[in-house]
Amino acid sequence: MSTVAFTGRVVTPFEIIEDGAVVITDGHIAWVGETSQAQQAGFGEEIAHATAAPEDGYLIPGLVDVHCHGGGGESFPNATTREQAMTAVMEHRRHGTTSLVTSCVTASGEVLKERTRLFADLAEEGEIAGIHYEGPFVSVERCGAQDPTYITDPDATLTRELLELGCGHVVTMTIAPEKPGVTGDDGVIEALLAGGALPSFGHTDSESAPVRQALDDAEARIQARLMAGEPVRSPLPTVTHLFNGMRPIHHRKPGPVPSFLAGAADWRCVVELIGDGVHLAPEIVREVFDLVGKENIVLITDAMAAAGMADGEYVLGSQPVTVAGGVARLTDGGAIAGGTAHLIDVVRTTWKGGVDLLDAVYSASVQPARVIGDESIGALEAGRWGDVVVTDAELNPVTVVRRGAVVSD
């Protein structure tokens with residue numbers, strides 16, 4: 001069996017071990033602990049030959065991004081070949097995202113089916129962690145970078161067709177809670193849950209009542225499935241990039257945000273945050289952590305093709321995008337059109353913005369792994385896949401290890 005070991009400040013789900021070590025054997029984590037305990041644990045020789053992180057550097061778990069549209073110059077919504085999709089996957093993997101959910105954008109049913117076939121094959125190979133559909137059942141008023149041409153009312157039949165083509169790899173679908181056909185026995189929420197996926201509420205112009213109705217519907221259906229012993233990917237629905245793509249808070253017309261925050265605080269949903277410093281101010285990210293806790297937050301990139309690339313012209317689905325100063329906007333209209341950061345950059349920005357490092361890492365690893373429903377990833381714990389990111393003191397990635405193997409260029 002092949003064994004590798006690393007030493008540094010180890011970030012576990014519960015603590016930071018200042019003088020810690022991670023041992024990986026045959027692709028899985030064999031041991032995590034203080035270096036002083038390695039000999040007693042039977043790994044003294046491995047630690048003696050371990051690779052050390054830079055001074056004051058960290059060992060963090062391989063990060064998990066549940067909302068990503070591309071990178072390295074390639075866009076998942078536009079990918080027609082495995083090579084195009086893997087270019088984007090590897091851009092993020094080299095920067096520490098060892099598990100990634102490919103996100104589509106609003107498009108025709110046929111295009112969504114084509115992308116689903118491609119991504120389902122990549123998921124079967126273990127190259128990606130699943131599929132996310134951002135639309136087409138969203139609000140025209142809050143479509144953001146979604147092409148309104150292809151926005152339609154919720155369609156449970158199309159949803160079931162996509163789920164079947166996804167072969168169990170569909171993780172989430174973004175839907176606007178106020179639209180007809182979301183709730184009820186024949187609604188999209190029921191279709192998603194029955195097909196092994198989760199609703200993710202977003203791109204919405206809703207007021208409070210439809211949000212609460214959708215959360216109630218999802219909660220009741222998830223609990224019913226759990227009581228009946230039927231599988232559920234995760235016990236909580238998600239909220240697609242809270243604040244972005246939805247009506248802002250106003251004290252006389254509160255919109256959906258307070259209801260989503262209340263739902264997260266009450267353990268009824270998990271909210272995504274694009275904590276890149278562009279989509280959200282670091283101060284609001286810190287306040288949400290204080291309000292609902294790390295267990296109810298997933299940090300995401302919402303990255304598009306320009307992640308890791310220079311400013312210039314790109315596409316996101318059918319929409320042309322111009323990137324200037326690292327900010328992606330629709331060329332026509334100027335709406336923010338996804339992110340250009342890697343997930344480790346989001347974690348760093350969140351940490352530097354005042355969130356405890358332990359919490360920021362948790363919300364980019366443990367919690368998204370729970371959304372996916374995969375207990376084999378997301379934490380530096382014995383038995384999980386050997387996914388480790390070695391960083392310097394400023395959280396810049398130095399070495400990325402996925403399933404026990406160093407990720408190379």
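**A chat about the structure**

A: Happy to! Let's start with glutamate 110, which is found in helix α4. Keep in mind that this is a predicted model.

Q: Is glutamate 110 buried, partly exposed or exposed?
A: Glutamate 110 counts as partly exposed, with a relative accessibility of 49%.

Q: And how far is glutamate 110 from leucine 162 in space?
A: Their C-alpha atoms are 9.9 Å apart, while in sequence the two residues are 52 apart.

Q: Tell me about α4 itself. What does it reach from its first C-alpha to its last?
A: Helix α4 covers residues 109-125, which is 17 residues, and it reaches 25 Å. That is close to the 24 Å expected at 1.5 Å a residue.

Q: Which residues of α4 are buried?
A: The buried ones are Leu112, Lys113, Arg115, Thr116, Leu118, Phe119, Ala120, Leu122 and Ala123.

Q: You mentioned β9. Where is valine 105 found?
A: Valine 105 is found in strand β9. It has a relative accessible area of 5%, under the 20% cut-off, so it counts as buried.

Q: What does valine 105 touch?
A: Leaving out residues up to four places away in sequence, valine 105 touches His69, Pro77, Leu112, Glu134, Gln146, Leu316 and Gly317. Leu112 is one of the buried residues of α4.

Q: How far is valine 105 from aspartate 302?
A: Their C-alpha atoms are separated by 11 Å, and along the chain the two residues are 197 apart.

Q: Let's zoom out. How many helices and strands are there in the protein chain?
A: There are 12 helices and 21 strands.

Q: What share of the residues count as buried?
A: Of the 409 residues, 58% count as buried.

Q: What about contacts between residues at least 6 apart in sequence: what share join residues at least 24 apart?
A: That share is 70% in the protein chain.

Q: And the charges? How many are positive and how many negative?
A: The chain has 27 positive and 57 negative charges, and their mean positions are 5 Å apart.

Q: Back to helices. Why is α10 described as largely enclosed by the rest of the structure?
A: Because 7 of the 10 residues of helix α10 (residues 343-352) are buried. These are Leu343, Ile344, Val346, Val347, Arg348, Thr350 and Trp351. After α10 comes glycine 354, with a positive phi near 115°.

Q: How about α8: which of its residues are buried?
A: Val257, Ser259, Phe260, Leu261, Gly263 and Ala264. What covers them includes β12 (198-201), α7 (208-227), β13, β14 (270-273) and α9 (282-292). Just after α8, tryptophan 267 takes a positive phi of about 60°.

Q: Which loop does phenylalanine 243 lie in?
A: Phenylalanine 243 lies in the loop between β13 (238-239) and α8 (257-265). Its phi is near 85°, a positive value in a residue other than glycine. At 22% relative accessibility, phenylalanine 243 counts as partly exposed.

Q: What about the phi of aspartate 26?
A: Aspartate 26 is not a glycine, yet its phi is positive, about 55°. Its place is the loop between β2 (16-25) and β3 (28-34).

How values were computed. Residues numbered from 1 in each chain as written. Predicted model: local features only at pLDDT ≥ 70, side-chain atom pairs only at ≥ 80, totals over all residues. Heavy atoms only, no water. Helix = DSSP H or I, 4+ residues; strand = E, 2+ residues; numbered from the N terminus. Buried < 20%, exposed > 50% of the residue type's maximum accessible area, 1.4 Å probe, protein only. Contact = heavy atoms within 4.5 Å. Lys, Arg positive; Asp, Glu negative; His and termini not counted. Charge placed at Lys NZ, Arg CZ, Asp CG, Glu CD. Expected span 1.5 Å × (residues − 1).
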